[in-house]
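Good morning, everyone, and thank you for making the time. Please have a look at the sequence and the model while I talk.

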Amino acid sequence: MNCRTLRTSARPFALAAALVVGSVGIAGCSVPGETKREPSKAPPITSEPAPVAESIAKYDALTAELVAALEEKMPGITWAVDDTADMSPAQDGRCMLYLQSMQSSADIVEPSKNFEDLFAAADPVLEKHGFPAFNGIDPVPGGWVVTRSTDAVGATLSIRSKFPAYLELTVPVKSESCDPKEIPAS
């Protein structure tokens, strides 16, 4: 092969490489009017924790409404109880209530358009219950897609998906003993 043949045969490859590099550069640019979602920031803790029974009633209502909204938005995916409620002291001395977690029947990342449908369904429910909107996905390792929101008491609701998805709610509560026996039987 002579130099002229090499230059001529290299042209299609050079053109293809230029197109790929150009398209990668364009893909990195934002489209006018497009918003980049940032994960919500936890607000300052401005409210005191409530007693265990009161917290369970309040946050179980949030979970029930959220599950209903998600099932309505993604009708082929159901949610069921994954683990029962528990309670234990945190390292900072607070008593933490871990409400029953929920598990989806399928992965939700793709069906929710990378959580966009999840945000559309969940954010109004969060607002109604005093939580900021999810807004975005938290950067976490391991292939998990995670979003979370924290209210003024310090209760944190998180949804994480890597087939299946899990909905978890952790709430600081007022308790002298922080004994799981304080959790009312359901």
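This is a predicted model: local features need pLDDT of at least 70, side-chain atom pairs count only at pLDDT 80 or more; totals for chains, interfaces and linings use all residues.

Let us start with Ser149, which sits in strand E5, spanning residues 145-150. Its relative accessible area is 1%, and because buried means under 20%, Ser149 counts as buried. The side chain of Ser149 also reaches the backbone oxygen of Pro132, at 2.6 Å.

Next comes His129, which lies in the loop between helix H3, residues 116-128, and E5. With a relative accessibility of 18%, His129 is counted as buried as well. Which residues does His129 touch, if we leave out those up to four places away in sequence? They are Lys58, Ala61, Leu62 and Glu65. His129 and Asp151 are 22 residues apart in sequence, and from C-alpha to C-alpha they are 8.6 Å apart in space.

Now to the backbone, where I would like you to keep one general point in mind: most residues other than glycine have a negative phi, and most peptide bonds are trans. Lys113, in the loop between strand E4 (101-104) and H3, has a positive phi, near 55 degrees, and with 54% relative accessibility Lys113 counts as exposed. Asn135, in the loop between H3 and E5, has a positive phi too, near 70 degrees, while its relative accessibility of 33% makes Asn135 partly exposed.

Finally, the peptide bond from Phe163 to Pro164 is cis, with omega near -10 degrees, and Pro164 is found in the loop between strand E6 (156-161) and strand E7 (165-173).

Terms used:
Residues are numbered from 1 along each chain as its sequence is written. Side-chain values use heavy atoms; hydrogens and water are left out. Helices (H or I, at least four residues) and strands (E, at least two) are DSSP runs, numbered from the N terminus. Buried means under 20% relative accessible area, exposed over 50%, partly exposed in between (1.4 Å probe, protein chains only). A polar contact is a pair of N or O atoms within 3.5 Å; within protein, one must be able to donate a hydrogen and the other to accept it, and residues adjacent in sequence count only if both atoms are side-chain atoms. Contact means heavy atoms within 4.5 Å.
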